[in-house]
Amino acid sequence: MPVTNSAKGLQGAVDLKLDLRSPPESTKTLQNKDSSFSDGQGAPVSSESLGYDKTKGITGFQTLVHLVKSNIGTGILGLPLAVKNAGILMGPLSVLAIGFIACHCMHILVRCAQRFCHRLNKPFMDYGDTMMHGLEASSSVWLQNHARWGRHIVSFFLIVTQLGFCCVYIVFLADNLKQVVEAVNSTTNNCHYNDTVLLTPTMDSRLYMVAFTPILMLLVLIQNLRILTVFSMLANVSMVVSLVIITQYITQGIPDPNQLPLVASWKTYPLFFGTAVSSFESIGMILPLENKMKDSRRFPAILSLGMSIVTALYVCIGTLGYLRFGSGIKASITLNLPNCWLYQSVKLLYIFGIMCTYALLFYVPAKIIIPFAVSQVSKRWAVPVDLSIRFAMVCLTCILAILIPRLDLVISLVGSVSGSALALIIPPLLEITTYYSEGMSPLTIAKDALISILGFVGFVVGTYEALENLIQSKDPHTFSNSTVFIQ
């Protein structure tokens, strides 16, 4: 991890290089375990040792691929409806603003982690450790005494957020594959109009979820980000192709935009805010990716580039989708596509891409939970415990996907709580606790406080909206990603 500029920056860099050349023996052991996926030497490394081996780390391009993929999931399909809830002018501008703030908070997190690495002479640091040391550096004695709770809180939010998205991905996989199978006999090659579809009876979507479980179990056995890069690249390609297909359709025959409101009612804006904030979901992968890079000094530039790509895609799909379908836009833009094989392939491509993404989202909670569990058993039980926990976590996400009604709303709740806390509330407060004793300008403090308040508003509004919809929901088997073919 690079060292931040300071009065002793050059000396700190020399010390850090020396520390990297001669790590302690226990760290070398963990490093060897992390760099090997199939050698059977034991359990995976702890969350701290993500990316210690810089000579075998990932390249800048691989980092960019992981960053883009960890952001783009099913959320982008719902952004056109989110823009409708904000207005054709207010919506895109708000997406840009939220993307900029989210990227800024990610830079804050990286900068604070680098600061503590320099201060404590450590080569790397994860989100939880950064939070703990940030509380230790505060002027409050109470926060210093309870600093470890900061690490536990961050770890809890990371686990809930990442596994929550894993759950909704299982629902998306099963629901979309079921719809493709049901409509296979009625799907045509004519994409100029929709036919009313006579669905072919097929098995319950919950059985599709169970059928996907063995495949996901195999994918989560991959413990190395370099290997996951291949799957992440395939997922990126499949999703880019599907988004291109969607874009070429929605750009055809766009009606007069003068009929659309520039700014929607403020009563619907909270719906936009909750969807937009939950779309930027990569905060849990930022430090693991930075730690894994061969040359982590390039990470800030790659982070800015990756988030710019993601934000641009969000703005384009959200704006064009609303322009094309207007007030008729549905919860997922796939709901508005014609019933022909070209646009049915969008679902198939997204199924493949989301399946690959599952392993990437699984990476963070696995690196938090498994090392702790493995440390409680003897070495000969390390591998069985590792595999058992991985399989149990996959089964847990599948069971939750099957049992919880309207899982899309539950994940919206989880994203509003955990996503707002991790991405918007904690990083600005962490910057204050880290640098306040060294002197901060009132403008920086005001900026951090404003961002945290914004995140808290998103937390409150998103939680209220999700709970209200859960209570009012009458059809527990309706999923937000369901595709309905209409005439």
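This is a predicted model: local features need pLDDT of at least 70, side-chain atom pairs count only at pLDDT 80 or more; totals for chains, interfaces and linings use all residues.
User: How many salt bridges does a search of the whole structure find?
Analyst: The search turns up nine of them.

User: What does E438 form a salt bridge with?
Analyst: Its partner is R115, and the closest N and O atoms are 2.9 Å apart. E438 sits in the loop between α16 (407-435) and α17 (442-472), while R115 belongs to helix α5 (residues 90-120), so the bridge ties together parts that are 323 residues apart in sequence.

User: And E438, is that one buried or partly exposed?
Analyst: E438 counts as partly exposed, because its relative accessibility is 41%. R115 is buried, at 14% relative accessible area.

User: OK, new pair. Which side chain meets R151 in a salt bridge?
Analyst: That's D129, with 2.5 Å from N to O. This pair also links distant parts of the chain: R151 is in helix α8 (residues 147-182) and D129 is in helix α6 (residues 127-136), 22 residues apart.

User: Which of those two is buried?
Analyst: D129 is, with a relative accessible area of 2%. R151 is partly exposed at 24%.

User: What about R390, where's its partner?
Analyst: R390 forms a salt bridge with D386, with 2.7 Å between the closest N and O atoms. Both sit in helix α15 (residues 382-403), four residues apart, so about one helical turn separates them. R390 is buried, and D386 is buried too.

Terms used
Residues are numbered from 1 along each chain as its sequence is written. Side-chain values use heavy atoms; hydrogens and water are left out. A salt bridge is a side-chain nitrogen of Lys or Arg within 4 Å of a carboxyl oxygen of Asp or Glu. Helices (H or I, at least four residues) and strands (E, at least two) are DSSP runs, numbered from the N terminus. Buried means under 20% relative accessible area, exposed over 50%, partly exposed in between (1.4 Å probe, protein chains only).
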